[in-house]
Amino acid sequence: MPPAPNDVRPFAALDDVDRAILTELAADGRLPNNALAERVGVAPSTCLTRTRALRDCGAIRGFHAEVDPAAVGLPLQALVSVRLTAHERAAVDAFRARSVRLPGVVSVFHVAGAEDYVLHVRAASGDALRDFVLDHLAVDPAVQHTQTSLIFEQARGMG
């Protein structure tokens, strides 16, 4: 079972080979084990063992396909900043637990600053995005304020 998000993980114990495996997989999560082993300079059996250990300790959180949102009918993306009315741990934790299950939510970020959370949301249209904010956030008594920023373009970084 992977560690909870706030658990201290033994990342300090990772060596250069482990970090090389993580770097290569971050660039191409579909890289076959033999090719990965060759790139990092270890035997395929060693690479497989280390990759499994990295997954088990939580350094590798998972593998996914990056799909063009328009291909699944959700061409509009936005970042919705949310300021909560209360900041007790229970209220904050409850909002996070609810928000990750909302339709169209890709990611939820707990942030520092004037806002408490930023939600990365995908929607079919401007009307659908407005309905998302009104139906799920504006009516939530835990939410004091929202601000929506449309995403015109997204480029993935190397890190």
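## Close-up views of a predicted model

**View 1. Helices H1 and H3 lie roughly perpendicular to each other.** Angles of 65 to 115 degrees count as roughly perpendicular, those under 35 as roughly parallel, those over 145 as roughly antiparallel and the rest as oblique. This is a predicted model, in which local features need pLDDT of at least 70 and side-chain atom pairs count only at pLDDT 80 or more, while totals for chains, interfaces and linings use all residues. Residues are numbered from 1 along each chain as its sequence is written, and side-chain values use heavy atoms, with hydrogens and water left out.

Two packed helices are described by the angle between their axes and the distance between the axes. Here the axes of H1 (residues 16-27) and H3 (residues 44-56) cross at roughly 80° and come within 10 Å. The axes are lines fitted to C-alpha atoms, for helices over the stretch in contact, with angles running from 0 to 180 degrees between N-to-C directions. Helices (H or I, at least four residues) and strands (E, at least two) are DSSP runs, numbered from the N terminus. From H1, Val-17, Asp-18, Ile-21, Leu-22 and Leu-25 meet Cys-47, Arg-50, Thr-51 and Leu-54 of H3; contact means heavy atoms within 4.5 Å. By class, this contact has six nonpolar, one polar and two charged residues. Ala, Val, Leu, Ile, Met, Phe, Trp, Tyr, Cys and Pro count as nonpolar, Asp, Glu, Lys and Arg as charged, and the others, Gly among them, as polar.

**View 2. Asn-33 sits in helix H2 (residues 33-40).** Is Asn-33 buried or exposed, or something in between? With 25% relative accessibility, Asn-33 counts as partly exposed. Buried means under 20% relative accessible area and exposed over 50%, with partly exposed in between (1.4 Å probe, protein chains only). Not counting residues up to four places away in sequence, Asn-33 touches Pro-44, Cys-47 and Leu-48. Cys-47 also belongs to the H3 side of the meeting with H1. The C-alpha atoms of Asn-33 and Ala-20 are separated by 13 Å, and these residues are 13 apart along the chain.

**View 3. Strand S1 (residues 76-84) holds Ser-81.** S1 pairs with S3 in the antiparallel sense over seven bridges, and with S4 (residues 143-151), also antiparallel, over eight bridges. Two strands pair if DSSP finds at least two bridges between them. Val-118 in S3 is the bridge partner of Ser-81, while Val-82 stands opposite Thr-146 in S4. Ser-81 is buried, at 17% relative accessible area. Leaving aside neighbours within four places in sequence, its contacts are Glu-115, Tyr-117, Val-118, His-145, Thr-146 and Gln-147.

**View 4. Strands S2 and S3 form a hairpin with six residues between them.** S2 (residues 105-110) and S3 pair in the antiparallel sense over five bridges, with Phe-109 opposite Val-118. In the turn, Gly-113 has a positive phi of about 120°. S3 is mostly covered, as six of its seven residues are buried.

**View 5. Phe-95 and Tyr-117 form a tilted aromatic pair.** A search of the whole structure finds one aromatic pair. A pair of aromatic rings is described by the distance of the centres and the angle of the planes. For Phe-95 and Tyr-117 these values are 5.1 Å and 50°. Rings of Phe, Tyr and Trp (its six-membered ring) pair if their centres lie within 6.5 Å; planes under 30 degrees apart count as stacked, over 60 as edge-to-face and the rest as tilted. Which elements does the pair link? Phe-95 lies in helix H4 (residues 89-99) and Tyr-117 in S3 (residues 117-123), 22 residues apart. Phe-95 is buried at 1% relative accessible area, and Tyr-117 is buried at 1% as well.
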